[in-house]
Amino acid sequence: MTDPGVPAAAAPDAPPPRVSYLVFRLERRIRACLDEALARHGMTTTEYMALSELRLRDAPSSADLARIAFVTPQAMNLVIRDLEQRGLIRRDPHPRGGRALRTRLTPKGLSTLRRCDRSLDSIEAVMLAEIDDPDRTTIAETLTLCARALHPDTQALTPVLRSQKPPPSP
């Protein structure tokens, strides 16, 4: 029986794994570790992402938070409502009026976020233990460039997707 944590030896003529596959596999492992660590703080990954973004940006909309967390606006509205009920965020009317609300971290939310950050620091420390600082910087810069290249606001991918022919209909 093979150990699922140890990759099987590749065939000698097999191509190396695609970068996108390796990134996906890493993301799934990070997500599993993060889900487990955040649960100990009574948080979900989506809630953590929302709180993290609120720390970085001044009062983003629920729609902005949904895009960042890769959830629907309806799902984010539920997350926001729960975070507000728990006293981790507050929503205030927008100074220009209307229905828009400005969402901000509360001191309790910031304290909770900092505890969660320490859990993520531990996960990253294990993940990056064998990588030196210059390579860590290169990885971060490279991943940022990759993400920026595929961002929905970027037009770079559109011609590639349009040039591909759809598979034939059955």
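**Helix 2 and helix 5 in a predicted model**

The axes of helix 2 (residues 45-56) and helix 5 (residues 107-127) come within 10 Å and cross at roughly 115 degrees. Angles of 65 to 115 degrees count as roughly perpendicular, and helix 2 and helix 5 are therefore roughly perpendicular to each other. As for handedness, helix 2 passes helix 5 in a left-handed crossing. These descriptions, like those that follow, refer to a predicted model.

A closer look at this pair of helices shows which residues meet. On the helix 2 side, the contact is made by Tyr 48, Leu 51, Ser 52 and Arg 55. Their partners in helix 5 are Gly 109, Leu 110, Leu 113, Cys 116, Asp 117 and Leu 120. Sorted by class, the residues in the contact of helix 2 with helix 5 are six nonpolar, two polar and two charged.

The protein chain holds seven helices and two strands.

Some overall values complete the picture. Of the 170 residues in the protein chain, 23% are buried. Finally, considering contacts in the protein chain between residues at least 6 apart in sequence, 42% join residues at least 24 apart.

Definitions and conventions. Residues numbered from 1 in each chain as written. Predicted model: local features only at pLDDT ≥ 70, side-chain atom pairs only at ≥ 80, totals over all residues. Heavy atoms only, no water. Axes fitted to C-alpha atoms, helices over the stretch in contact; angles between N-to-C directions. Helix = DSSP H or I, 4+ residues; strand = E, 2+ residues; numbered from the N terminus. Parallel < 35°, antiparallel > 145°, perpendicular 65-115°, else oblique. Left-handed = near helix turned anticlockwise from the far one by under 90°. Contact = heavy atoms within 4.5 Å. Nonpolar A, V, L, I, M, F, W, Y, C, P; charged D, E, K, R; others polar. Buried < 20%, exposed > 50% of the residue type's maximum accessible area, 1.4 Å probe, protein only.
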